[in-house]
Amino acid sequence: MTTKLMGQGIQRVEDQRFLRGKGRYVDDVHADPATLHAAVLRSPHAHARIVDIDVADVLEIEGVHLVWTYEDLGPLSAPMGEPLPLLIPHPDLTQGRTQYALAKDEVNHVGEAVAFVVAEDRYLAEDAVGRIKVTWEVLPPVVGVEAARAADRLVHEDVPGNIGARSEQKTGDVEAAMAKAPHRLELDLDIERSACTPLEGRGTVARWDPDVNRLQVWSSTQTSTGVRAAIAVKLGLDLGQVDVITPDVGGGFGVKVVHPWPEELLVPLAARALNRVVKYTEDRREHFISSSHERGQIQHIEVGFDDDGRLLALDVMFWHDHGAYTPYGLIVPIITSTQLLGPYKPEVYRVVYESLYTNTVIVTPYRGAGRPQGCFAMERTMDAIAEYLGKDRTEVRAVNFIQPDEFPYDQGLIFQDGRELEYDSGDYPASLEKIKELIGWDEFPAFRAEMAAQGRTVGIGLACYVEGTGVGPYEGAHINIETTGKVKVATGLTTQGQGHATVFAQLVADELGVKFEDVEVVTGDTRRMPYAVGTFASRAAVMSGSAIHLAAKRTKEKVLKIAAEALEADEADLEIVDGVVSVKGSPGASMDLATISVLSNPLRYAFDEASKAATQFSVGDPGKPPVAEDDEPGLEGKDFYSPERATYASGMHAVIVETDPDTAEITILKYAVVHDCGHLINPMIVEGQIHGGVAQGVGGALYERMAYDESGQLLNASFMDFLMPFVTEIPDGIAIDHLETPSPLNPLGIKGAGEAGVIPGSAVFASAIEDAERIPITAMPISPSELFTLRALHAETPTTQERPA
Ligand code: MCN
């Protein structure tokens, strides 16, 4: 009997390859030994007009094949002269702006692409870039949210107040509810910019085949179908003329869902123009200054509540730093504004945000995508209420929870997918009990006293969140059982390290009754699955997982139909175990999948033992057509999954920190996570995802920030200067417990898990540090020197920003 694989912590099949250095990333693609290499001239200024670009010197260099500026693009393909697409428009984004593949007459951040060179090798290409002469008229830059709000300088001349969008959602009359509330507090919070920083940067290789007028592109992307569509449109090709293949991707974390990056268009354009294979691989500095960032927001919160801490009115205004352009629309601030509510149900909620242009790198989703900021706002508010009322922080949260019998729960807002923010399932009180137990919440006062006796300062923090996962519109899957009996599975979304080859094989093995080792999964190859959306919003398990499950069901139906005919049995009497179909109770009457696959095609190939040759022959009942009207040859199944709305995972994190009385160093003593992503496909993978997320959360809370100076130069654009936590800074043995409240929205009852670990990072550390220090923590990340300064300021003028109504 085959054991069910869903729910089992099976080791990732991908890891053997990765750990032995056998991963094949875009830079490893050697499509032609004579590949040409591209380099990009990037703006050294945050804001400047291009007066003139002189490339004459460059064209004379031997080995340089091509130099392009904006002027060259339109004549090659008219759409290349237009700005890059605004991928997700929104009615409130009245002033959306996107860049050109190469800057037209103005640059709006340091790092913006200005000219493109292709040469025999990268060294030559870089040298050539260095010889391009640009005459600039430097303009005053707008750096940071405050400067954008002040609006005495403009990023885009035609965008008044630097306001790309102003948006509001509300569930009632917040002023009236606030006026009636017995208590009120106000908070001003600040969260800084950070970025994804995957190990592998962006990269593209392209080959044009003039014989068939076809383009083959390898890209390190989170959406191969999106890149394909963009290339087709911009280069004036049919979709069918473009194949995009995503080989191994060394991390994405959100930045690679943006498309097309200028290089994703320029490289294929150059490959076609030169009829040569062209490659571009981004370097680390380029990644810092020319990909994308996230997180930067300033928030003002006003909250009205009763004696128990129940939220009667929640009024939030925040200012979102959108960087120089808005290619990804308003997704990040929409998520902040809606997911801020977490597991709570305020009686009335209003949120207003302004999305502001600045002369800095664009802002697009980074793992968590706006939720870490929302969680920070809400959880700081919860802690402030508890402090004000002198209540335990868990009590204040508990009185505000949506209760298990209230699902589905409609928050009365519109989510990022344009659908109602309606939570499908959850059990927040049970999660709270689990997290208290896991971290030792009730025992903490005794621990604090024990540590205080040793002259040590400790604090405990808690943060809760809800995460909309598995957003639509759809994902698909194709399954093919080969004549060898091996099962080939293709889904169109891409993979960046989440273990999809393992989890999807688990689902197929379960449904088809085949051995796990016999299933091979391909992702992100438009040749195998041209219809797909991409990997973001923790959607692969829900979307592709469901599509694969449905496609496996279809394939199984076909297997059973053919086997029933061949074995002269009733389909209902058949079972498939380890790839062999047999009549239940009569194991002698059986047939393996390889044979059924051969039978599925009337045009059969067989290997003749006697002649040692392959033969081809047609068989079948002469009275019937070889392929029945309602059938098709082959043992394949294809299906799509398209849900009504997102499914809402949830979780709670708790941390105990110690702060050094002299150096203000912050040390993590214990970290605990309770997570609910519905039914788990693979608990080991989910825990790995949580570990990775927590590591990024620690980075975001304590180390990572984008240090821009006033002129818009990013001062820490390298791993020498941008502080990423090492393994030594990540808590050892993160305690994890799962709760499984299945989603009613998909056949497997799953919710996403990929971003969960990072969401409460800033909120939970702020809570714990504040608890340790008894100083309000209102800005994240926080470094030891900042904590040291806060201590000094607080000692001089002890203030809390809470004020009684
Ligand atoms: N899973 C599961 N059971 C569930 C839910 C998920 O076993 N109930 C498994 C999935 O099958 C998958 C993994 O957990 O193997 C994450 O699943 P899911 O939540 O569907 O997230 P995605 O696979 O769609 O991954 C996207 C998500 C996002 S949005 C970012 S950003 C992110 C992340 O995942 N970037 C990553 N995790 C990353 N992990 C790595 N190594 N690299 C990245 O770039």
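Colleague: How do helix 15 and helix 16 pack?

Modeller: Helix 15 (residues 500-512) and helix 16 (residues 540-567) pack at an angle of about 30°, with axes 9 Å apart. Axes are lines fitted to C-alpha atoms over the stretch in contact, and angles run from 0 to 180 degrees between N-to-C directions. Helices are DSSP runs (H or I, at least four residues), numbered from the N terminus. This is a predicted model: local features need pLDDT of at least 70, side-chain atom pairs count only at pLDDT 80 or more, and totals for chains, interfaces and linings use all residues. Residues are numbered from 1 along each chain as its sequence is written, and side-chain values use heavy atoms, with hydrogens and water left out.

Colleague: Which residues of helix 15 make the contact?

Modeller: His500, Phe504, Leu507, Val508, Glu511 and Leu512 (contact means heavy atoms within 4.5 Å). On the helix 16 side, the residues include Ala540, Gly545, Ile548 and Lys556.

Colleague: Switching topic. How many helices and strands are in the protein?

Modeller: The protein has 20 helices and 31 strands. Strands are DSSP runs too (E, at least two residues).

Colleague: What is its radius of gyration?

Modeller: The radius is 28 Å, close to the 28 Å from the globule rule for 805 residues, so the protein is as compact as a globular protein of that length. The radius is taken over C-alpha atoms; the rule is 2.2 Å times the number of residues to the power 0.38.

Colleague: What box do the C-alpha atoms fill?

Modeller: Roughly 95 × 75 × 50 Å, along the principal axes.

Colleague: How much of the protein is buried?

Modeller: Of the 805 residues, 59% count as buried. Buried means under 20% relative accessible area (1.4 Å probe, protein chains only).

Definitions and conventions. Buried means under 20% relative accessible area, exposed over 50%, partly exposed in between (1.4 Å probe, protein chains only).
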